[in-house]
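Hi there,

Here is the structure I promised to pass on. Have a look at it, and my notes follow below.

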Amino acid sequence: MQAQEEINTTTPVAGAVLAESAVKGKGMSVRNLNAYYGNYLAVKGVNMDMEPNKVTALIGPSGCGKSTLIRTLNRMHEVTPGSPRVEGEVSIDGQNIYAAGIDPVRVRRLIGMVFQKPNPFPTMSISENVLAGIKLNGGRIGRKEGLEIVEQSLRQAALWDEVKDRLSRSGASLSGGQQQRLCIARTIAVQPEIVLMDEPCSALDPIATLKIENLIEELKSQYTIVIVTHNMQQASRVSDYTAFMLATDGPGHLIEFGPTSQIFTKPTEKRTEDYITGRFG
Amino acid sequence: MESQNTLRRTNALEVTGKNSAIERARFATRRVVNLIMAGLVGLAALLAVGLLLVILYYVVQRGFESFFVRADGTTGPFNFNFFTATPSEGGIGPAILGTLIVVGLGALIAIPVGVLAGVYLSEYGRGRFAFAVRFIADMLTGLPSIIVGVFVATLLVRNTFGHYSGLAGGIALAIIMAPIIARTVEEVLKLVPNALREASLALGVPQWKTIVKVVLPSAISGIITGVVLSIARAAGETAPLLLTILGIENYNGNNFIGRLNPMVPVGSLPTTIYTNAGYPPNEVFRISSAWGASLILITIILIFSLLARWATRGKKVR
């Protein structure tokens, strides 16, 4: 019931004011989740728990349903083309985000998302991009308060020092890695509980990737993070828990889920071992 | 190693062996054919553009000359009355005002309907209904404008208003403009990357706000281009206006507000061109004012395009 309250009343502005209140981030649990495109079952029977303030990585070969799964976690699945549909439960603090009467728009304010390709708004400046989530949601903030949120979010995204002298320049004027960190700043500016990242580094060079990975390490003190990655080294570097998915025999499903150290050193499943040792996929 | 490679490449390009003569002959033929074809397409391009330039030059020249002609057919200093006065005083003012009224009314009706229909088709339209809307919009774009004129004349002029009027003309033009705007807006909105919509939705922004604040601003210059194109198309329409506005030559009333009345017959530039060009050659003022009206019509469309460019200039942040 408390989570219901949370989902219904948290405004981005109130969230931003609370920003300095130390550790937060909420856990999430997935129960019997099926994701469809029309009649096509893309992800089947997923059960897993994301621990608060931990990084959970979803790994697996292309087409195994990782991206579909992560998009069900903040109800972004239902805005993809192809008559998408979800069965099962995804809960924060015991509140199912798919329950009747839950507004998907409020769910997405609580559970932010960073995409594969950096997608800053091209018509907005750097600072407008950071404040986009607040402004577009109709939040009224003063100039001073706005600047504070911009600085704080950009600092958290490890981008402040690089852009502080050109905040009024277009977000599109930044390099790919900077754009991705700008997108992370934009996501955390609305103070979500959970940040989802769908292959956030796959369009970036190794140095930019390293910066994002360090950033993830920093961010987990405040947010629960779920990350989809193609890169197993990345999963082993940044995550606390790893989920391995496959779609070789039917719809995508979870093969193995556990602490990252265990998955990468002594996986219980033969197929997990084959994948992480590079024997297929 | 490298020199060997170079050697082999030179050899590969050199024509040798018993078929070498045939090969060389083919190459020569191909070069000649290529030259002829390139010349032909170049000529066609020149013809298309050249004709347009000739028309433009002729209209500008004859149109400008007409600005010096008086109502009695004599020529004098620049006739400023041409843009404001009635034909009996040596001008086509009512026609200019009439075109502005009719096109303005048409745009006023067609822009909201067209833009919203375009948003529907691009952002919401799924399934059979959207398919039908798209198909009908395409059909309407190709519909001969005289048919729109007959339709509006029957429905409004004959059976509803009972008389010709600027509003009937505006509605006829709106029927021509709206599908053009709807389809252009749909196309430019589809060019907006889906990633931007997702970025906004993932921030917890509702879909309507995403469309208004993110999608439409990203496509604004394309939308304005579509609107201007449709205005340019409508401003030159003659057939539907002949059947709906009557094309009177005088003002309605003596004050400016009275002259703007859309519920009475008005004039327009295309109908003025049509009427005046049909006079015998000895009616010097009539013939020359047809050219003057043509030049003014082209200029109005040009001004619209320039205004649109100006309105969308440098809207992007650096």
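How many residue pairs, both at pLDDT 80 or more, are in polar contact between chain A and chain B? The count is five, a polar contact being a pair of N or O atoms within 3.5 Å, where within protein one must be able to donate a hydrogen and the other to accept it, and residues adjacent in sequence count only if both atoms are side-chain atoms.

Before the rest, some housekeeping. This is a predicted model, where local features need pLDDT of at least 70 and side-chain atom pairs count only at pLDDT 80 or more, while totals for chains, interfaces and linings use all residues. Residues are numbered from 1 along each chain as its sequence is written, chains are lettered from A and ligands numbered from 1 in the order written, and side-chain values use heavy atoms, leaving out hydrogens and water.

Now the interface. In contact (heavy atoms within 4.5 Å) are 27 residues of chain A and 18 residues of chain B. The chain A side divides into 12 nonpolar, 10 polar (Gly is counted here) and five charged (Asp, Glu, Lys and Arg) residues. There is one salt bridge between the chains, meaning a side-chain nitrogen of Lys or Arg within 4 Å of a carboxyl oxygen of Asp or Glu. A:R71 forms a salt bridge with B:E198, with the closest N and O atoms 2.5 Å apart.

Inside chain A, A:T229 counts as buried because its relative accessibility is 2%, below the 20% cut-off (1.4 Å probe, protein chains only). Its side chain reaches the backbone nitrogen of A:N231 at 2.9 Å.

Best wishes

Terms used
Buried < 20%, exposed > 50% of the residue type's maximum accessible area, 1.4 Å probe, protein only.
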